[in-house]
Amino acid sequence: MTACDSLVTYPSVLLLANQSYAQVDVATAESTKLFGVFVPPACRKAALRLSCLGGFVGCQFDPGSNTFAYFPPCRSVCEEMATACSAFLESQDQADLVPDCSTLPTVNCNDASPDTVVPYSQADCPHPLKFNPHGSVADPSVSLTADEQICVYPCPDPMFDASDWRASEGISISLGILSFSMILFLIVTYSLNPRKRRFPTSYQLWLCVSSIICTTGIDLAVLVGGPERTYCTWDDTPVLQSFDGARDNDGQGVVCVLQGMMVMYGGLAGSFWWVMLTFTVFQFIVIQLSSDGVKKALHIASHVVGWGMPAFFVTIALGAQQFDGQVGSHNCFVSRPWDWGIFYAPVFVNLCVGTTLMTIVIIKVLRIRSQLKEQTHISMEQVIRLSLLILGYWLVYAYVIGYRIYLEAVRSSIEDAVEDQIACSAATGDECPLSVGINKGAWYWEAFAVGGQGIIIFCCLGLSKETFTFWRVLFENWRRPMSVIKHGVRSHQPHTVVHFISQPQQLTLHVR
């Protein structure tokens, strides 16, 4: 009896035969929830008064006559509701809810609680909105995630049920942790291996660094209790996190902003280093640069572009305070529509450039595949591994762009569907379903694409004979590891088993 607690103050109510108090409570609640937060306050006050006094009819036992007297709501209570609500109900095509007051008495009736104001509660919020105890207004023209709204659109988004959110969050965090572990292994391997520390093969190392920045951003959610506590506020009624939360609300939004910055920076850096990796393959197979001066200039330029451009775009987003929780996403990211210009546009340009370079490479390889190693000094296996990595990253970035385009295409339809859902629930008192939502399969694949990039890199680069050979030799020479780290593993025969024997200031290869 939440809505009627402050109105029904008399001790006894009338129950019909075979009727329980709980049944009266449910029946009254069904009528009171039609006059919720989006009904004008004067109408809501009068309607709740009539519904509560009519649902819980007061009664009193007369010992003298040994009878019960009952007191329905007075006609004046009904007329007050009709006056206050007629215009609104007619505008909503619900004129049938305007009561007929002619049957109600004017004497021996109940007109109690004329000045009582019923506080707002969850009963006033139509599905799927949630009651915000700190709200003060009910304005559909204001964002439904605003702090001042009495009823807010909750987080996580109710278009997916709790089991879907748990599954997607599990996928995102599990892949993020697995990617982090695999990429960390590769970074350690490449940092110890002198062959991988030199230009241009070092591009693979920098691609790994980009990926670990992105996956670290994803895994930040673990520090605060999971993704939901990252992109949602920690209030009694959570809503999507905003940049303002980094300053207000006890700094809840700090982790969200940091996550958005790291995912954006790592994603952009990975895109730029991906292009430079495609150019590496291009220059080895197609143009075959030989000038040390040109190579040195490319090395310097690659770092300026690979790290500088992402930092430039992240700085723009941070200066504009455009990091927040995202509808249809599993992480905090750049606010829409800012993300088009400072993330997706450069990623799309990089995709076009890299795709063009790799198309030329593929054509060249098909022409010279029999003389590939003699002309380029790289093996077909290396070309295949790099090509698979480039293709895998191409698919990741292409999907992320495609998913963003899809969200933009369905955005207006989903917004209209949510408005219709709220309006239907407010008008009927039922939990009306959402007619249009984000495709669940596409939503799950977005979690795979963002969280699994490190796994793609490891499968393409880490599962190579070169990686296993390096670690085998390093463990075999555990007494003198610096000899391997300094000179690397060198073998001039494809199937040579290489053993390092440490001697003072000398590294000898025994081949068998």
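A search of the whole structure finds eight disulfides (pairs of cysteine sulfur atoms within 2.5 Å). This is a predicted model, in which local features need pLDDT of at least 70, side-chain atom pairs count only at pLDDT 80 or more, and totals for chains, interfaces and linings use all residues. Residues are numbered from 1 along each chain as its sequence is written, and side-chain values use heavy atoms, with hydrogens and water left out.

**View 1. Cys 4 and Cys 52 form a disulfide.** Their sulfur atoms are 1.9 Å apart. Cys 4 lies in the segment before helix H1 (21-32) and Cys 52 in helix H2 (residues 41-55), so the pair ties together parts 48 residues apart in sequence. Helices (H or I, at least four residues) and strands (E, at least two) are DSSP runs, numbered from the N terminus. The S-S torsion is about -80°, so this disulfide is left-handed.

**View 2. Cys 43 and Cys 85 form a disulfide.** The sulfur atoms sit 2.0 Å apart. Cys 43 is in helix H2 and Cys 85 in helix H3 (residues 75-91), 42 residues apart. A torsion of about 110° makes the bond right-handed.

**View 3. Cys 155 is joined to Cys 232 by a disulfide.** The S to S distance is 1.8 Å. With a torsion of about -70°, the disulfide is left-handed.

**View 4. Cys 460 is in no disulfide.** The nearest cysteine sulfur, that of Cys 459, is 6.7 Å away. Cys 460 counts as buried, at 10% relative accessibility.

Conventions:
Buried < 20%, exposed > 50% of the residue type's maximum accessible area, 1.4 Å probe, protein only.
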